[in-house]
Amino acid sequence: MVLGFNWLVSCKPAAENVVEVPKEWFNINAFVKIGDTGLVTIMSPNPEIGQNVKTAMPMVVAEELDVDWQNVVVEQAPLDTDLYTRQVAGGSQSIRRGWQGLRMAGATGRRMLLEAAAKQWQVPIEELTTDKGVIYHKSSGKSVNYGEIANSAAQIEVPENIELKDPKDFKIIGKPTKNVDGPKIIKGEPLFGLDIQREGMLISTIIHPPAFGMKIKSFDASEALKVNGVKDVFRVDTAPEEKEWSDINAFPELIAIVADNTWQAMKGKEAVKVEWETVTPGESSEDHENALEKAILSSADEPARKDGDPETAFKNAAKVIEKIYSAPFLPHNTMEPMNFFAHVTADKAELVGPIQTPESMRKSISSLLKMPLDKITVDMTRMGGGFGRRLYGNFGLEAAAISKKMNAPIKLVYSRADDMTQGTYRPAYKITYRAALDENNNLTAFHVRGAGIHGGPVFANRFPAGTVDNYLAENINVESNISTGAWRAPRSNFVAGAEQSFLDEVAEAAGKDPIEMRLALFERAIQNPIGDNNDYDPERYAGVLKLVKEKAGWGKEMPGVSRGVAAYYCHNSYVAQVIDVIEENGKPKIKKVWCAADCGIVINPEGAKNQIEGGIIDGIGHAMYSAVTFTDGKADQENFDRYRLIRLREAPMEIETFFVDNGIDPTGLGEPSLPPVMGALANALYKATSKRLYSQPFAQKDIVMG
Amino acid sequence: MASFTLKVNGKQHQVDVDPDTPILWVLRDNIGLVGTKYGCGIAQCGSCTVHLNGNAVRACVIPVSGVGDAEITTIEGLSPKAEHAVQQAWIEHDVSQCGYCQAGQMMSAAALLSQNPNPTDKDIDNAMNGNICRCGTYIRIKDAIKTAAKNLS
């Protein structure tokens, strides 16, 4: 049996008083369709990777349109650069960058409906009001459902100069709202790229080189071709002529194995014999360690930022604290391995699957296939995780190239090992911090020098820049043949933990409370900042620290509880956390994480809390347990038997989240809770064990958790 | 290739597949039940968890030739209208982020509750240890299992 896969399939929310399914739909604009019964379809423009924009973005449209959320059906929009802008899941920017446009889409739709009603009733538009999808004319007592007027509204010219709602009148924004795909997820409905089934579709697996620095020399497919169901085995080059930024790929040349079904394609793959050749030398983790060490012992050609005279300040210091922190390469390990559907024919290409950057993928495929953009469609499925991996759509290009060769619809399926050893990793990093204190324990100089594979991790203009008279930031690049890419909260995912651990040591050396010390620095940046390009708002930064301090009751005696604190700003949002560690059976255990976040207006508190919790658990897990290491260019971990991701029993027992309520335009939440938690964790574990943690993953050698 | 008759979600399905094909791929590719997910292929992540005669097992490592008469239950067959206490609790706690691992999580949770209607925190930790969620929804998973247990009692 073959199941049809319709990514546009609609789902009526399961609630009472829901209107009937319409017979006819009217397009109001690119985001809004209204059915004759009043049911409203709202298109969610951006890719959904689990960050829940598929719920939050339509909520913003629904708010301004002024409809009842339970009569809203959400659909994933296709890639359409004429209708939508920035259809990207990345940088926690969907809500921030989408905010104004989404509001306008809803408000414009409402205005068109009002104009249509005003025309029909021959009354001034100013006398009309709306509520939950109904237009009212108070003085005449008339009312009309959006569905009844939608046909006329669709004929109205799109208005300009639209007034948006006053945030105090928001009814949908700010209300905890459940994931719109939740009802489908709990039934196991086909939602993901890997779930695609099409008539006549073949399955392809791939073989990429077993080590970085290698490429295919020759291969023998004779045994593979004897495997039941295997149709073909061939070499395929997937490098586009013109590269987009997203075309990072260490292994553009692959062997494809195409079969009738997935298991046959996997068995066929095992039977292929490949001879490899070394192009560049295979690197081992020790090489990376040495190269990064050497880098941070040197200095950058140009400082990324220099304020005052750090050299003299360090010379004159009463006390200097200096520490080095490091972290390994990390694969993304989305639970859904890379995959993509492609059907390439002579004159068009249809691509469907999990991709965070569909627009870039289409351009790359256009270059690869030498086919005009308008002959290529890219549709987005729900994604079984993104975390940055699906910004780099090599798998889509591979699917397209394989489909072209087979002249058939194919679904490319990576095994977990293919996925984990493909690269595009979070880079390995090393960073050194130095702080100078005067005799009164005031911070007089601060120096950070970071090195990373394919780029240093330091954000030169972030805190503590702006709070110290003498400041030096340096970034050093270390080359490697291992490919790296964005991984949830790029660079921040390492720097925050290191910096916030270091500040804890500085506070200890200065004999200061770690929160009070940070607040004093922020006060300096508020009153009299150093430099004029500090890329954070010290008041909002201090705000989250004050909020978490108050909520967690920081400073009060808590017998048996060891506490650590951290705060960080990234992706335009501010997060502060306190972690409580207790002892269980003689081992430390994370009892609770207190989290304060400032992301401006919170669209969906339910989804926002879930993101915060997820980032915290993800951050703790990777700091504690995860690493990929290399021997002669080959990843030592290929699957979850040797690669550790955090498991349920290792998660904090509780997370409590508090949002700053300030009415500022919203910013992102998919990433900001992850970076600081690595620091809060190290600081709490120090209190619990008297051991400072410098090298991730902490649990590999330094600590055993309860 | 060989012919096998499988009992899946109360229905008989005849499939013609290689005997070593894991039931994960028979369910997904041959029967069209794609709710059961592929995550690792070596029984380490739990994404493919189904019930075999009511016990939670990893479908990615059980060959179709080893199933015999056993009853297979997948997420699609956990309840006729998604009204199983675990499914309802998953909605109530808005557990899912990306959602990919959640079918496996729910199948592990449902098997736990059918065998232990009143699990302690420790019982939940143990029963769910084989299911990975990279999004980090573990606290909600745990809360949802407790709610489901309450609603079942």
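Biologist: Which residues of α1(B) are buried?

Modeller: I23(B), L24(B), W25(B), V26(B), L27(B), R28(B), D29(B), N30(B) and I31(B). A residue is buried when 20 or more other C-beta atoms lie within 10 Å of its own, exposed at 12 or fewer, and partly exposed in between, with C-beta atoms placed from the backbone. That is nine of nine residues, leaving α1(B) mostly covered. Helices here are DSSP runs of H or I with at least four residues, strands are E runs of at least two, and both are numbered from the N terminus.

Biologist: And what sort of model is this, and how do the labels work?

Modeller: It is a predicted model, so to speak of local features we need pLDDT of at least 70, and side-chain atom pairs count only at pLDDT 80 or more, while totals for chains, interfaces and linings use all residues. Residues are numbered from 1 along each chain as its sequence is written, and chains are lettered from A and ligands numbered from 1 in the order in which they are written.

Biologist: Thanks! What covers the buried residues of α1(B)?

Modeller: The cover includes α5 of chain A, along with β1 (2-8), β2 (11-17) and β5 (71-73) of chain B. Contact here means C-beta atoms, placed from the backbone, within 7 Å.

Biologist: How many residues of α5(A) are buried?

Modeller: Eight of its 10, so α5(A) is largely enclosed by the rest of the structure. Among them are W263(A), M266(A) and K267(A). The buried residues pack against β8 (202-207), β10 (230-237), β11 (253-259) and β18 (410-413) of chain A, plus α1 (23-31) of chain B.

Biologist: What about the whole contact between chain A and chain B, how many residues does each give?

Modeller: Chain A contributes 52 residues and chain B 47. On the chain A side, α4 (182-185), α5 (262-271), α14 (605-625) and β27 each supply at least two. The most come from α14(A), with seven residues.

Biologist: What classes of residue make up that chain A side?

Modeller: There are 21 nonpolar, 17 polar and 14 charged residues on it. (Ala, Val, Leu, Ile, Met, Phe, Trp, Tyr, Cys and Pro count as nonpolar, Asp, Glu, Lys and Arg as charged, and the others, Gly among them, as polar.)

Biologist: Since β27(A) came up, which sheet is that in?

Modeller: An open sheet of four strands, ordered β22-β23-β24-β27 in chain A, with mixed pairing. Strands β22 (562-570) and β27 (654-659) of chain A are at the edges with a single partner strand each, so one side of each has no neighbour in the sheet. Neighbouring strands are turned by 20° against each other on average, direction ignored.

Biologist: How do β22(A) and β23(A) pair?

Modeller: In the antiparallel sense, over nine bridges, with β23(A) covering residues 573-584. Two strands pair if DSSP finds at least two bridges between them. One of the bridges joins A566(A) to Q577(A) in β23(A).

Biologist: Changing topic: at what angle do α11(A) and α12(A) pack?

Modeller: At about 100°, with axes 9 Å apart, for α11 (492-510) and α12 (514-527) of chain A. The axes are lines fitted to C-alpha atoms over the stretch in contact, and angles run from 0 to 180 degrees between N-to-C directions. That makes the two helices α11(A) and α12(A) roughly perpendicular. (Under 35 degrees is roughly parallel, over 145 roughly antiparallel, 65 to 115 roughly perpendicular, and the rest oblique.)

Biologist: Which residues meet there?

Modeller: L503(A), D504(A), A507(A) and A510(A) of α11(A) meet P514(A), M517(A) and R518(A) of α12(A). By class, the contact has five nonpolar, no polar and two charged residues.

Biologist: Now domains: how is chain B divided?

Modeller: Into domain 1 (2-77) and domain 2 (85-152), with bounds from an automatic or database domain assignment. Their centres, taken over C-alpha atoms, are 21 Å apart. The contact takes 15 residues from domain 1 of chain B and 12 from domain 2 of chain B. On the domain 1 side, β3 (49-52) and β4 (55-58) of chain B each give at least two residues, and β3(B) has the largest share with three.

How values were computed. Two residues are in contact if their C-beta atoms, placed from the backbone, lie within 7 Å.
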